[in-house]
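The following report sets out the main features of one protein model for a structural reader. It should be read alongside the sequence and the coordinates.

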Amino acid sequence: MKRILILLSTVFCLLCGCAQNVTSQTRNFFAMDTVMAVTVYGDTCEADSLKAVQIVQNLEKQLTVTDEKSPIWQLNATGEAELSEDAAELLRRALQLREETGGAFDPTIYHIIKMWGFTTGEYRVPSEKELTDALAEHQASSIAMDGNRVTVSGCAVDFGAVAKGYTAAKIAAELTEAEALNLSLGGNVQLEGTKPDGSLWRVGIKNPQNTEEHLGVLELKSGAVVTSGGYERYFEENGVRYCHILDPRTGYPADAGLSSVTIVSADGFLADALSTALYVMGLENAVEFWQGRTDFEAVLVTDSGDVYVTEGLQNSFSGCEFKVITR
Ligand code: AMP
Ligand code: MG
């Protein structure tokens, strides 16, 4: 009798595809000023998905610039603060990336971002004098870290370009019991483990000219996929479009000929920081930067609609014509 039951259950499993019967839990929520979705696969998905949401909420409190209770708010208001382990680690890595990108990515330009109203939504174009003064102040600014104690002078810190990527990486590092993860933190995607049906993860890349459409699709085994685009937040004045990604060297919105940059990397923080940095750099400098590194791949879309894909992604990207960038 027992043998018959085992045989029957084996046949049932084969017919139903038990391998695909992995449980999963998706949680949709709003945090860090954006819509998020986390899907966890595996027996511990219920508790793990809850833990993922808690990690986001906990990091949001530590990394936000707008909440008076956050140490970053205090740092910007008083010039000094003791940061949490995570905020200090993020700041250390962000300052390192500022060096590596020659200042295209700069986590200390919050005072200039504020002038444009990008944090409040009360948009305005600052006068040339305001921007010149702010840039001069920024050039003379300083930031110092002594352990987790930070002091700033003449500048202000903002993790807007990296908080979501850092958070996604942290969730991936902490949920070690999960069989697979699909995190979408406001468009910052992080994929870990194999999908229950064994197929590759698919991530659509928006068409910057029409964000209702996808330009193409990336098929990947795992990793972070992060896109920066001027279309994500901008305002228009006198027919000119001003986007939320600033060129720290001019104080003006980046205008280097790219309309979106997607970075694929095993490291969520890096993908987030570099999507912003390469958008500021423009195609030529972005290609040169990529040629000097091995820790990421990219899809770059120019203002005229041309699509460039670094060679590591040439077999993973499809859906439109593209040029391959080689080393
Ligand atoms: P992202 O969407 O990841 O490219 O991040 C854009 C956000 O990062 C903006 O809304 C600003 O808060 C901030 N930001 C803008 N320009 C820069 C820059 N050049 N370096 C670092 N952060 C920036
Ligand atoms: Mg970014």
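## Strand pairing

Strand S8 and strand S9 (residues 210-220) are paired in the antiparallel sense, with seven bridges between them. Within this pairing, Asn207 faces Asn210 of S9. The model is a predicted one. S8 and S9 belong to an open sheet of three strands, ordered S8-S9-S16, in which the pairing is antiparallel. The edges of that sheet are strand S8 (201-207) and strand S16 (317-318), each of which pairs on one side only.

A further set of pairings involves strand S10. Strand S7 (residues 188-193) runs antiparallel to S10, and three bridges link them. Gln190 has Ala224 in S10 as its bridge partner. S10 is also joined to strand S13 (residues 258-265) by six bridges, again in the antiparallel sense. In this second pairing, Gly229 stands opposite Ser260 in S13. Six of the seven residues of strand S10 (residues 223-229) are buried, so the strand is largely enclosed by the rest of the structure.

Thr26 is placed opposite Thr39 in S2. S1 and S2 make up a hairpin with two residues between them, and Met32 in the turn has a positive phi of about 50 degrees.

| Strand pair | Sense | Bridges |
|---|---|---|
| S7 and S10 | antiparallel | three bridges |
| S8 and S9 | antiparallel | seven bridges |
| S10 and S13 | antiparallel | six bridges |

## The magnesium site

The magnesium ion (ligand 2) is coordinated at 2.3 to 2.5 Å by Ala161 (O), Asp272 (O), Asp272 (OD) and Thr276 (OG1). Along the chain, the donors of this magnesium ion (ligand 2) follow the spacing A-x110-D-x3-T. Ala161 lies in the loop between strand S5 (149-153) and helix H7 (163-174), whereas Thr276 is in helix H8 (residues 268-281), so the pair ties together parts that are 115 residues apart in sequence. Thr276 has a relative accessibility of 12% and therefore counts as buried.

## Buried positions and their contacts

Leu91 is part of helix H4 (residues 85-100). How accessible is Leu91? Its relative accessible area is 0%, so Leu91 is buried. Leaving out residues up to four places away in sequence, Leu91 touches Leu83, Ile143, Met145, Val150, Val157 and Phe159. The C-alpha atoms of Leu91 and Thr108 are 9.7 Å apart in space, while the two residues are 17 residues apart in sequence.

Val65 occupies the loop between helix H2 (45-63) and helix H3 (71-78). At a relative accessibility of 11%, Val65 counts as buried because it falls under the 20% limit. Apart from neighbours within four places in sequence, Val65 is in contact with Ile72, Trp73, Asn76, Tyr110, Val157 and Asp158. Val65 and Asp158 are 93 residues apart in sequence, yet their C-alpha atoms are 6.4 Å apart. Val157 is among the contacts of Leu91 and among those of Val65.

Cys45 is buried with a relative accessible area of 6%, and Cys243 counts as buried at 6% relative accessibility. With a limit of 2.5 Å between cysteine sulfur atoms, the number of disulfides is zero.

## The chain as a whole

The protein chain contains nine helices and 17 strands. Of its 327 residues, 49% are buried. Among contacts in the protein chain with a separation of 6 or more, 57% are between residues 24 or more positions apart.

The C-alpha atoms fill a box of roughly 85 × 45 × 35 Å along the principal axes.

## Confidence

The average pLDDT of the protein chain is 93, and 94% of the residues score at least 70. Over residues 1-19, however, pLDDT stays under 50, and the model has two contacts beyond four places in sequence for this stretch. Where pLDDT is low, predicted coordinates should not be read in detail.

Notes: Residues are numbered from 1 along each chain as its sequence is written. Chains are lettered from A and ligands numbered from 1 in the order in which they are written. This is a predicted model: local features need pLDDT of at least 70, side-chain atom pairs count only at pLDDT 80 or more; totals for chains, interfaces and linings use all residues. Side-chain values use heavy atoms; hydrogens and water are left out. Helices (H or I, at least four residues) and strands (E, at least two) are DSSP runs, numbered from the N terminus. Buried means under 20% relative accessible area, exposed over 50%, partly exposed in between (1.4 Å probe, protein chains only). Contact means heavy atoms within 4.5 Å. Two strands pair if DSSP finds at least two bridges between them. Donors are N, O and S atoms within 2.8 Å of the metal (3.2 Å for Na, K and Ca); water is not among the atoms, so sites may look incomplete. pLDDT is the predictor's confidence in each residue, from 0 to 100.
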